[in-house]
Amino acid sequence: MADRIQQFASDNYAGICPEAWAAMEAANAGSATAYGDDEWTARAADGFRTLFETDCEVFFAFNGTAANSLALAALCQSYHSVICSSFAHVETDECGAPEFFSNGSKLLVAPTDDGKLTPEAIVRLATSRADIHFPKPRVVTITQPTETGQVYSVEDVRAIAAVCRDLGLKLHMDGARFAQACASLGCAPADITWRAGVDVLCFGGTKAGMAVGEAVIFFDTALAADFDYRCKQAGQLASKMRFLSAPWTGLLESGAWLRHARHANDCARALAAGIGNCAEIELMFPVQSNAVFVKAPAAVLDALRARGWRFYTFIGGGARFMFAWDSDPAEITQLIGDVREATEMAIV
């Protein structure tokens, strides 16, 4: 098996981008007040307020599971429910954490073919029952981009938010790859969040080029009441908070959060263009962010593994290739060549 210089199984494979690294190094000089009462944390929070062009409450967590779960728990009582897509990370990949941190709020899952939640699906679930024996719908959560790499347009988010308002529901956005969504849509971050009706956003830093760290942003600031206590109780209050918050200053103030996301998206499009006309290869979903899902015969996937390529097949059985801030175009060219050769051999 070949040793690959770079893999595209996940953007979690990538290292720390230079801008985040430099900011963390700068924050490492001297001492700073603990538990978030430091200049770096204040600067990062203000950076988000500038980016989103609004006042908002900002909190920092170690990872996406904690960010999503605590945000949803802040919006729900234990007898409430959360409406999500059947593909949603909170449903499939967070080990019951949303239910755990909310003391039992139930996830109501809408079956979807592509991971996108629709207003119609929300209405069906939210209005299916209204008796006291059923957990009362309270929140809708959408992933931007979805787990299949597709993005909700500004109009999509507005339509979902309108339904939420009609039904008295709050709207949460899981933005693990929010930067890639903004790069794909070419819109201001505010346009697909609070201006469109989103109440709370979990903005992913890890997949944007940081080592660890996510930001939980409450646009409806009333919903943030006591959220700092919730973070502390869940083990998400970093004593040396500057090392969670400072990398955000490097990303936000330099514009690297968006620049790197554009590069990752471009890499995904390059792979899709390079293999899209190969026999036996099918792109499973439109390539709209930094993910490419490929359906191929088992022999082709086995041949790629034999050549040292790693990929996940957890959605629909196809291979997922995911691109990060540091994805090397030369390595992508090599992957394209290997896919082409593998398909030619499979046909023969």
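The following legends describe close-up views of a predicted model.

Residues are numbered from 1 along each chain as its sequence is written, and side-chain values use heavy atoms, with hydrogens and water left out.

View 1. The largest pocket has a volume of about 510 Å³. A pocket is found on a 1 Å grid over the protein atoms alone, as an open set of points where a 1.4 Å probe fits, with protein on both sides within 12 Å along at least five of seven lines; lining residues have an atom within 4 Å of a point. Grid points are joined across faces, edges and corners, and the volume is the space filled by probe spheres set on them. The lining comprises 32 residues, of which N12, H89, A176, R177 and K207 are the closest to the centre of the pocket. At least two lining residues come from each of helix 3 (64–75) and strand 10 (319–322), and helix 3 gives the most, with 3 residues. Helices (H or I, at least four residues) and strands (E, at least two) are DSSP runs, numbered from the N terminus. By class, 10 residues of this lining are nonpolar, 14 polar and 8 charged. Here Ala, Val, Leu, Ile, Met, Phe, Trp, Tyr, Cys and Pro count as nonpolar, Asp, Glu, Lys and Arg as charged, and the others, Gly among them, as polar.

**View 2. The second largest pocket.** This pocket has a volume of about 270 Å³. Of its 16 lining residues, A73, A74, C76, F101 and R230 are the closest to the centre. Helix 3 and helix 9 (227–233) are the elements that give two or more residues to the lining, and the largest share, 4 residues, comes from helix 3. The lining divides into 8 nonpolar, 6 polar and 2 charged residues.

**View 3. Helix 3.** The 12 residues of helix 3 should span 16 Å at 1.5 Å a residue, and the 17 Å between its end C-alpha atoms agrees with this. The expected span is 1.5 Å times one less than the number of residues. Helix 3 is mostly covered, with 9 of its 12 residues buried, where buried means under 20% relative accessible area, exposed over 50% and partly exposed in between (1.4 Å probe, protein chains only). Among the buried residues are N68, S69, L70 and A73.

View 4. R49 pairs with D46, their closest N and O atoms being 2.7 Å apart. These two residues are 3 residues apart in helix 2 (residues 39–52), and therefore separated by about one helical turn. R49 is partly exposed at 23% relative accessibility, as is D46 at 42%. In the salt bridge between R195 and E53, the closest N and O atoms are 3.0 Å apart. This pair links distant parts of the chain, 142 residues apart: R195 lies in the loop between helix 8 (178–185) and strand 6 (200–204), and E53 in the loop between helix 2 and strand 1 (57–61). R195 is partly exposed, with a relative accessible area of 38%, and E53 is partly exposed at 46%. R129 and D131 meet in a salt bridge at 2.9 Å, N to O. Salt bridges that share partners also join R4, R307, D338 and E341 into one network.

**View 5. Helix 7 and its surroundings.** Helix 7 (residues 154–167) has 14 residues and reaches 20 Å from its first C-alpha to its last, close to the 20 Å expected. Its buried residues are V154, V157, I160, A161, V163 and C164. The elements that cover them include helix 6 (119–126), strand 4 (136–143) and strand 5 (170–175). Helix 7 is followed by G168, whose phi is positive, near 75°.

View 6. A261 is placed in helix 11 (residues 256–275) and is buried, with a relative accessible area of 1%. Not counting residues up to four places away in sequence, A261 touches A179, Q180, A183 and A256, contact meaning heavy atoms within 4.5 Å. The C-alpha atoms of A261 and K207 are separated by 9.1 Å, although the two residues are 54 residues apart along the chain.

Methods:
This is a predicted model: local features need pLDDT of at least 70, side-chain atom pairs count only at pLDDT 80 or more; totals for chains, interfaces and linings use all residues. A salt bridge is a side-chain nitrogen of Lys or Arg within 4 Å of a carboxyl oxygen of Asp or Glu.
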